[in-house]
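Hi,

Here is the structure I promised to pass on. Have a look at it first, and then read on for my notes.

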Amino acid sequence: MRLLAPALVRLFGLLLCAAANSAQAHDSTAYYMANEGLMVVHGETKILFDPLFRESYGQYLLLPEAMEQALYAGAPPFDGIDAVFISHHHGDHFSPADILRLLKLRPGIHLYAPNQAVMALRGVAGAGDDAVFDRVTAVDLAYKDAPVTLEMKGLLIEAVRIPHSGWPSGRVDIENIAWRVTLNGTTTVLHMGDADPNDVHFARDASYWEKNPPQMAFPPYWFFSSASGREILQDRIKPARSVGVHVPASIPADPVLRPAELRGYDLFTMPGETRVIPTED
Ligand SMILES: [Zn+2]
Ligand SMILES: [Zn+2]
């Protein structure tokens, strides 16, 4: 594996370049890592969602070793990352020690995360790590709070707390954030974490969802396999395209071989695969 790793890193880089070349210059690219981990690239602007985690819980994909090493090294395609977004403090989305390591190794990266995750990050930080937190923004949102808007160079960042799947009986204390991010004023994407597919969470912010529909949404796959999830996508979020994430490793890449309810949907199933995000302007 050690000999293979650099070749794999180059392969991932080539795949991304190929995807970028086939797209129009102003288009964006979504690049899949594992579970809900992915990168979105527009021009020189690069953002990551849920990129480092250690738990597969026996059914979800973990990052390939070569991809993880490229991320830490700031090697292509992970050179020049601007911001990392964390959906919630669960082991299949967020590893505090690994995110701390990434922030220390790559001083250009800004982190946006729910307060609960930032507290965990502080818990693993040492006495000399204070400066890291200058680049960390915690969003402190309770269920039913109004969405918040943040900005940094090249990014319009909107966040709303959507309860974790299992609501209202389970995991209600988990601060799950749906991040809606617009890159360079042209491409809007939505990452939902482990959002619960009940319209009551989305109906309360109907105008928020109405005003900035994403070019691409990344719902957890259970939004495709439940009627309410499909309706939320169609009637509230209205993305031009959706690609499902958090897909169990047992679900085949070939749609024909999937359970019937997932055959008609686009899913990320293989680390390194990409999608072009067309930008109509
Ligand atoms: Zn979770
Ligand atoms: Zn999860």
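Some housekeeping first. This is a predicted model, where local features need pLDDT of at least 70 and side-chain atom pairs count only at pLDDT 80 or more, while totals for chains, interfaces and linings use all residues. Residues are numbered from 1 along each chain as its sequence is written, and chains are lettered from A and ligands numbered from 1 in the order in which they are written.

Which strands does S5 pair with? Strand S4 (residues 83-85) runs parallel to S5, joined to it by 3 bridges; pairing takes at least two bridges found by DSSP. Phe85 has Tyr112 in S5 as its bridge partner. To get from S4 to S5, the chain goes through helix H3 (residues 96-105) in a right-handed β-α-β crossover. Right-handed means that, with the strands pointing away from the viewer, the path from the first strand over the helix to the second runs clockwise.

S5 also pairs with strand S6 (residues 136-139), again in the parallel sense, over 4 bridges. Ala113 sits opposite Ala138 in S6. The chain passes through helix H4 (residues 115-124) on its way from S5 to S6, and this β-α-β crossover is right-handed.

Most peptide bonds are trans, and most residues other than glycine have a negative phi. Pro76 and Pro77 are joined by a cis peptide bond, with omega about 5 degrees; Pro77 is in the loop between helix H2 (65-73) and S4. Another cis bond links Trp167 and Pro168, with omega about 5 degrees.

Pro168 belongs to the loop between strand S8 (155-161) and strand S9 (177-183). Arg171 is in the loop between S8 and S9 too, and has a positive phi of about 55 degrees despite not being a glycine. It counts as partly exposed because it has 16 C-beta neighbours inside 10 Å.

Lastly, Asn184, also not a glycine, has a positive phi of about 50 degrees. Asn184 lies in the loop between S9 and strand S10 (187-191).

Cheers

Definitions and conventions
Helix = DSSP H or I, 4+ residues; strand = E, 2+ residues; numbered from the N terminus. Buried ≥ 20, exposed ≤ 12 C-beta atoms within 10 Å, placed from the backbone.
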